[in-house]
Every structure is written in structure tokens, then in C-alpha cells.
Amino acid sequence: MRARDLAAEYETVSVDSDAMEAARLMAEHRLPALLVVDERGEPKAILPASQMIKILVPAYVIEDPALAAVIDEKHADRLCQALAGRRVGDCLSSKADPPPIADPDDTALEVAALMARVRSPLVAVATKDKAGTHLLGVITASHLLHELLGAGGTSSPA
């Protein structure tokens with residue numbers, strides 16, 4: 001099976017998208033990450049859900065997790081306010097690497113190796129030419145795992 005066969009439509013956001021809307025999109029669709037595209041629609045970065053959660057948690061709680069126990073529910077409910085007025089670009093890690101991009105002709109094993117090497121929950125599948133990069137779809141780790149298990153004839157226990 002080739003990457004083009006595994007690629008599926010997937011939610012994307014731009015660096016200028018509203019961060020709160022991006023978080024809602026992740027939550028509603030239970031997405032492990034969002035693919036961030038630039039103004040031309042070319043893959044720019046991956047925004048993991050864990051990065052969005054990190055923005056919600058106050059820095060002092062990350063430094064001392066014991067403090068989380070003393071924050072009451074009333075204040076915990078306000079954590080999402082940390083996203084108010086932010087853009088997706090503001091939420092990307094300063095160390096964010098470009099997203100992994102598989103060629104449409106890559107095999108499932110090549111995609112798996114790429115995903116494992118960069119530890120990404122998703123891989124963009126795109127063609128590249130002089131005009132730029134053209135997104136065909138995305139392969140998530142869970143979808144790839146499902147396909148690899150099915151291809152290996154592994155069945156679930158009865």
C-alpha cells in the first residue's frame with residue numbers, strides 16, 4: 001500500500017487561525033494534532049494537542065505539579081482563557097520542526113519509518129514541484145497502525 005492510498009482528508013489550520021477554535025476542533029474531533037498550513041496551503045508545522053494543553057496549564061504548575069492540587073475547580077475552568085486572543089502561530093513551539101511529508105509513492109513501511117524517526121502523530125502526504133507543495137492528505141499514526149495490523153493478518157481476540 002502506498003502513501004497516496006493511506007492519505008485521508010484531515011483538518012488543517014493556518015498560522016493565523018484562532019487558537020481557541022483550533023483547540024475546539026481538536027477536542028470535537030478527538031484529533032491528536034492539527035496540520036498547520038501557510039497562506040499557500042503548504043504544510044508548515046504540526047500542532048500537537050499536548051502543546052495546546054501545555055499552553056492552558058500555568059507555568060508554575062508545570063514547574064511544581066503539586067500546585068495543581070490547590071487550584072480549585074472554579075479557577076481550573078478558566079484555564080482555556082489562556083487561548084483567548086491567540087493565533088495558532090502563537091501556540092507553536094519555537095522549536096517546531098517542519099512537518100514530516102511523505103511522497104505519494106512511499107510505501108506504508110516508509111511512512112512508518114518517517115513517523116517513528118520524527119515521533120510525529122501524523123504525516124502529510126504531498127507532491128512537490130516548482131509551483132510548491134500540494135497537500136494530498138494526512139496519515140495519522142492510529143490509521144497507519146490499523147492498516148499495518150490489518151495487512152499483517154492480525155485479528156482481534158474473540
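A residue counts as buried when its relative accessible area is under 20%. This cut-off applies to every view below of this predicted model.

**View 1. Ser120 sits in a loop and is buried.** Ser120 belongs to the loop between helix 7 and strand 5. Its relative accessible area is 10%, so Ser120 is buried. What does Ser120 touch, leaving out residues up to four places away in sequence? The contacts are Ile46, Pro100 and Met115. Leu145 lies 25 residues from Ser120 along the chain, and 13 Å separates the two C-alpha atoms.

**View 2. The whole protein has eight helices and six strands.** Along the sequence the elements follow the pattern α-β-α-β-β-α-α-α-α-β-α-β-β-α. The C-alpha atoms fill a box of roughly 50 × 50 × 25 Å along the principal axes. The protein has 158 residues, and 35% of them count as buried. Take the contacts between residues at least 6 apart in sequence: 55% of these join residues at least 24 apart.

View 3. Helix 7 spans residues 108-118, and its buried residues are Ala108, Val111, Ala112, Leu114 and Met115. Why do they lie on the same side of helix 7? They cover an arc of only 160 degrees around the axis, which puts them there together. An α-helix has 3.6 residues a turn, so residues three or four places apart point the same way. Leu109, Ala116 and Arg117 are exposed, on the face turned away from the buried side of helix 7. Arg119 follows helix 7 and has a positive phi, near 55 degrees. Met115, from the buried set, is also a contact of Ser120.

**View 4. Three strands make an open sheet in the order 1-2-3.** The pairing in this sheet is mixed. Strand 1 (12-14) and strand 3 (43-48) are the edge strands, each pairing on one side only. On average, and with direction ignored, neighbouring strands are turned by 35 degrees against each other. Strand 1 and strand 2 (residues 33-37) run parallel and are joined by three bridges. Val13 stands opposite Val36 in strand 2. Ser14 has Val37 of strand 2 as its bridge partner. Strands of a sheet pair through backbone hydrogen bonds, either parallel or antiparallel.

**View 5. Strand 2 is mostly covered.** How many of the five residues of strand 2 are buried? Five of the five are. Ala33, Leu35 and Val37 are buried on one side of strand 2, and Leu34 and Val36 are buried on the other. Both faces of the strand are therefore covered.

View 6. In helix 3, the buried residues are Gln51, Met52, Ile55 and Leu56. Seen down the axis of helix 3, they fall within an arc of 150 degrees, so they line one face of the helix. These buried residues pack against helix 2, strand 3 and helix 6 (88-91). Ser50 and Ile53 are exposed on the other side of helix 3.

**View 7. Strand 5 pairs with strand 4 and with strand 6.** Two bridges join strand 4 (residues 101-102) to strand 5 (residues 122-129), and this pair runs parallel. Ile101 stands opposite Ala124 in strand 5. Parallel or antiparallel: how do strand 5 and strand 6 (residues 132-140) run? They run antiparallel, joined by eight bridges. Val123 stands opposite Ile139 in strand 6. Strand 5 and strand 6 form a hairpin, with two residues between them.

**View 8. The largest pocket is lined by 16 residues.** It holds about 330 Å³ of space. Which residues lie nearest the centre of the largest pocket? They are Ile46, Pro48, Ala96, Asp97 and Val118. Strand 3 supplies the largest share of the lining, three residues.

Terms used: Residues numbered from 1 in each chain as written. Predicted model: local features only at pLDDT ≥ 70, side-chain atom pairs only at ≥ 80, totals over all residues. Heavy atoms only, no water. Buried < 20%, exposed > 50% of the residue type's maximum accessible area, 1.4 Å probe, protein only. Helix = DSSP H or I, 4+ residues; strand = E, 2+ residues; numbered from the N terminus. Arc of directions from axis to C-beta. Pairing = 2+ DSSP bridges. Axes fitted to C-alpha atoms, helices over the stretch in contact; angles between N-to-C directions. 1 Å grid on protein atoms, 1.4 Å probe; cavity = no way out; pocket = protein on both sides within 12 Å on 5 of 7 lines; lining within 4 Å. Points joined across faces, edges and corners; volume = space filled by probe spheres on them. Contact = heavy atoms within 4.5 Å.
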